[in-house]
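This report is meant for someone meeting the structure for the first time. Please look over the sequence and the fold, and then read on.

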Amino acid sequence: MSGDGDISSVMGFSGFGKKARTFDLDAIFEQTRRTAIERSQQVLGRFTNMMSCSILSPGCVTILKQESESSSDSDSDSDSDSELIGPPLPPQHTAQGDADERLRLPLPPGFTGSTAQSDDDDEGEEQDDDDDNPVKKIPDTHEITLQHGTRTVSALGLDPSGARLVTGGYDYDVRFWDFAGMDQALQAFRSLQPCECHQIKTLQYSITGDVILVVSGNAQAKVLDRDGFNVMECVKGDQYIVDMANTKGHTAMLNSGCWHPKTKEEFMTCSNDGTVRTWDVNSEKKHKSVFKPRSFQGKKVIPTCCTYSRDGKLIAAGCQDGTIQIWDRNLSVHTKFHCRQAHIPGSDTSCLSFSYDGRTLASRGGDDTLKMWDIRNFRKPVNVATGLTNYFTMTDCCFSPDDNLVVTGTSVKKDEGNGKLVFFDRASFQKVYEIEVTNASVIRCLWHPKLNQIMVGTGNGLAKVYYDPVRSHRGAKLCVVKSQRKEKQAETLTQDYIITPHALPMFREARQRSTRKQLEKDRLDPKKSHKPEPPVSGPGRGGRVAAHGGTLSSFIVKNIALDKTDDSNPREAILRHAKEASDNPYWVAPAYTMTQPDPVFAEESDEDEEADKEPEWKKRKI
C-alpha cells in the first residue's frame, strides 16, 4: 500500500489496482433508443394537447403532464410516477390507452380530425391551387426601371446565368447592366455604339454567355464579347451578283438574328436581300449555308424574322408576303413546312417563337394578331388572338418557363393610352392577365426561365424588370437591396506624400498627421487651391491691364486696332512731313552727306524746245 500511496502522491490521483468497469454496447444503444422514443411521444402528446385546447372555449382547463426524467442520473434506480394536475379526467379517459391517449381532451362537435392535420391539408390544397393556376406564377409584384435613353428600346438580351442584361435602341447605343454590380441608382456600367449610326435590332447572348450577337440596320452582323469588344464581323456580299447564294454575305439591311440553341459557334441572320444565312464564329469570311425563301410563284420574298427550334434541327422564317417557311437545318433547298397564308400579305411578321416542348410555334404578326401553330399540322393555326396593336417590326412573343402561358406586348400611339404586356393561356388561348407597363409601346419581352423574371423594352427608352421576391431568384433582387453609393465631394488638393526613411532630417518631409486639416490649409492657399484672380479695379497692377479686359491683347485692340482715324486726302497725309524732312533731315540724309554726289542736270536749248512743240506727224515725215 505504501507503493500505491507514493504513486498517488506523485501522479495526483489514486485508485490503482482496481478492476476496470466493463460496458455492454448493445444494451447502451437499446436504452438510448427507448429513451428517444419515449421523449418523442411526450413532445408529440404535449403538442397535440396544446392544439386541442387552443380551439376550445377560454374557460377550458389545460392538463399538463409532468414526468421526472431520471435517465441522466446513474444513481437513480426508479422513475417517479406520472402526476396529473387539475380536475379529474372524464370517465371515458380514466383507464384507456396509453399515457398519450389519456392526455387528450374530447374535440368539440364538428371536429372530426386533428387541427394540425386540417391546417396542413388546407395549405396543401392552396399550394395545389397555385400550381394549377398559371396566373399565380407571374412574377409581377415588384419592378425596377432601367433608363436606357429617350428613344425606343428595340433589343434585349440576357445571358443564360441571368447575371447581365444588355439593351439596344434606336439611339444606336448598346448598354450593359450587371445586376450583381448595380446598386439602387440602377446605372449601366458600359455604353457603346458598335454599329456606328445604325439602329440596333437584335441582341442575344450565346448559349455559353461569353459572346453577344449584334444585329443592326447595316448588312454586317457583329459578335462582341461580354465586355463589348469586337470578336468578329460578318463579311459583306457583292450586290451585283444575281444569285444570292454565290455571295459571301448579306448585301442589304439585316432584319433579325439568333444563336443556335445547341452549337455555341453557330448563329443565323436574315436580311432584305431575301436570304437567311447561318454563320460560324470561327469563319467570318463566308457564310455557312444559305436559305432562300420563295413565294408561291417562285419569286424572292424578304424574311423579317427568323429563329431556331429548341433542338436546333429546324429553321423558321416569317416573310413579308405573310408566309411562314420552315427548313431542315441540313437541307437548304426545299422547305419542310410551309404555310402560305399565315398572316396578311404585306404585314411584317415581327417574331417567331418555339415552345419549350418543341411542338408549338407562336407567331406575332404585323396584322395585330398572335397565332399558335402545331408544326405537325401546319396548314391552319390552332388558336388566334386578335386586336393586339403592333406598330414595330420587332415586337416580341415568348412562352412562360412552364409552357402554360404565351406573352406579347401591344403598341400605342403617343399620348393615346398605355402599352400592355398581355398573357394568354396556351390551351384555351384566353387572355388571363395583363400588365400596364407605361404610356408607350411595349416592344421587347423576355421571360428568363432561370431567374423567373420578365424583362420588357418600351418605346420611350425604358427597360423594366418584373420580379417576385418569393418566386424569383437573383437578378433584380440583387441590386434593389444595395444602398446607393455616396459620391465623394472632397477635393484632392494635397500633394502626394513621398516617404524617404533614409533621408537626412533636414531633407525629410514632415509626416501628414491629419488629412482633413491639411485639406483646410491647402484650401486657404491661393496657389494650391487654384484660386481665380479677382477683377482689376483701377489702372492695373502686377502686369495686368484693367481697362476693358484683363489681357494685353484686349488692351491693344481697344486702343490701337479700333482707332479709326480717317484722313480725307491720303496723299497729303503721306507727304505732310516731306517738306520738313527735306529742310531738316534727321534720319537718312545725314548718313549720306559725305558720299552723296551732287546732281548735274543738262540745260535744254531753244531748238530742242521748238522740236518738242512740233506735231507728231511732222516728226515722222522728217
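This is a predicted model: local features need pLDDT of at least 70, side-chain atom pairs count only at pLDDT 80 or more; totals for chains, interfaces and linings use all residues.

Residues are numbered from 1 along each chain as its sequence is written, and side-chain values use heavy atoms, with hydrogens and water left out.

| Span | Distance between end C-alpha atoms | Helix | Strand |
|---|---|---|---|
| Residues 146–178 | 11 Å | 0% helix | 58% strand |
| Residues 296–328 | 19 Å | 0% helix | 52% strand |

A nonpolar core is a set of buried Ala, Val, Leu, Ile, Met, Phe, Trp, Tyr and Cys residues joined through side-chain atoms within 4.5 Å, and buried means under 20% relative accessible area (1.4 Å probe, protein chains only). The largest such core has 17 residues, of which Ile144, Leu146, Leu165, Phe179, Met182, Met455 and Val465 touch the most other members. At least two residues of this core come from each of strand 3 (142–147), strand 4 (153–158), strand 30 (462–467) and helix 5 (476–480). Leaving aside residues up to four places away in sequence, leucine 146 touches several residues, among them Leu165, Trp177, Met182 and Val465, where contact means heavy atoms within 4.5 Å.

An open sheet of four strands runs in the order 24-25-26-27 with antiparallel pairing, two strands being paired if DSSP finds at least two bridges between them. Its edge strands, each pairing on one side only, are strand 24 (397–399) and strand 27 (431–438). Strand 25 (residues 405–409) pairs with strand 26 (residues 419–425) over five bridges, and glycine 409 stands opposite leucine 421 in strand 26.

Why are the cysteine sulfurs of residues 305 and 351 too far for a bond? A disulfide is a pair of cysteine sulfur atoms within 2.5 Å, whereas the sulfur of cysteine 305 is 6.5 Å from its closest cysteine sulfur, in cysteine 351. The sulfur of cysteine 351 is likewise too far for a bond, because the closest cysteine sulfur, in cysteine 397, is 3.8 Å away. By this rule the count comes to zero disulfides.

Note on methods:
Buried means under 20% relative accessible area, exposed over 50%, partly exposed in between (1.4 Å probe, protein chains only).
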